[in-house]
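User: Hi! I am new to protein structures and would like to learn how to read one. Could you walk me through it, starting with helices?

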Amino acid sequence: MTAPSTFGLSSEARNLHWLLTNLVEEVPGLQSVAVVSSDGLLLLSSDPGRNAEVRTGAEARPTGPKGSSADLATIVSGIGSLTIGAAKLMDGGGVKQTMVAMDEGSVFVMSISDGSLLGVHGAPDCDMSVVAYHMALFVGRAGHVLTPELRSELRQSLEAEPTESAQ
């Protein structure tokens, strides 16, 4: 997994990229990581090259493994929406985290702030408690800096990536 370039970004955006890189490097068994805005847009991921592939159009569908950051962003957005709806129906308050355990891996979703979500796709042998702990650290550190302005900057930087790599 790789983190995108932080050239030209604000110090808050560079800090968020650093936090994501730290999460990816320190937690064994992570296959993909994505930060998603409240409206389901991918803001930050562990796989920026894959994001560029997805944006090129339907005729150029990505051929990489399932669980990439772009796929994960879609899943995280859906799980987030479903659990928020369920919490409202049950008068359960805000959703803090969701975990889906499968035979061949796990998906973790944690609320960051203002509806933004952190999603992680873990390998079948990942230590769920370690993943959840490091996700909580990320959320605690990122929540106060993930302002509307920063979300806009991150989204614009993702949209600019294909242009920069084509030069």
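Analyst: Happy to! The expected span of a helix is 1.5 Å times one less than its number of residues. Keep in mind that this is a predicted model. Here, helix H3 (residues 69-89) has 21 residues and reaches 30 Å from its first C-alpha to its last, close to the 30 Å expected.

User: Which residues of H3 are buried?

Analyst: A residue counts as buried when its relative accessible area is under 20%. In H3 that applies to Ser69, Ala70, Leu72, Ala73, Val76, Ile79, Gly80, Thr83 and Ala87. Just after the helix, Asp91 has a positive phi of about 50°.

User: How many helices and strands does the protein chain have?

Analyst: There are five helices and five strands. Reading from the N terminus, their order is α-β-β-α-α-β-β-β-α-α. Of the chain's 167 residues, 44% count as buried.

User: In what order do the strands sit in the sheet?

Analyst: Let's begin with the general idea. Strands of a sheet pair through backbone hydrogen bonds, either parallel or antiparallel. In this model, five strands make an open sheet, in the order S2-S1-S5-S4-S3, with antiparallel pairing. Strands S2 (42-45) and S3 (97-102) stand at the edges with a single partner strand each, so one side of each has no neighbour in the sheet. From one strand to the next, the twist averages 15°.

User: How many bridges join S3 to S4?

Analyst: Six bridges link S3 to strand S4 (residues 105-111), and the two run antiparallel. As one example, Met102 has Gly105 in S4 as its bridge partner.

User: Which strands does helix H1 touch?

Analyst: Helix H1 (residues 11-26) packs on the sheet and touches strand S1 (30-36), S2 and strand S5 (117-122). The direction of H1 makes about 155° with that of S1.

User: Can we finish with a single residue? Why does Ser116 count as buried?

Analyst: Compare its value with the cut-off: buried means under 20% relative accessible area. Ser116 has a relative accessible area of 1%, so Ser116 is buried. You can find Ser116 in the loop between S4 and S5.

User: Which residues is Ser116 in contact with, leaving aside its neighbours within four places in sequence?

Analyst: Those contacts are Val36, Ser37, Ser38, Met110, Ser111, Leu146 and Arg151. For the protein chain as a whole, residues 24 or more positions apart account for 60% of the contacts with a separation of 6 or more.

Note on methods
Residues numbered from 1 in each chain as written. Predicted model: local features only at pLDDT ≥ 70, side-chain atom pairs only at ≥ 80, totals over all residues. Heavy atoms only, no water. Helix = DSSP H or I, 4+ residues; strand = E, 2+ residues; numbered from the N terminus. Buried < 20%, exposed > 50% of the residue type's maximum accessible area, 1.4 Å probe, protein only. Contact = heavy atoms within 4.5 Å. Pairing = 2+ DSSP bridges. Axes fitted to C-alpha atoms, helices over the stretch in contact; angles between N-to-C directions.
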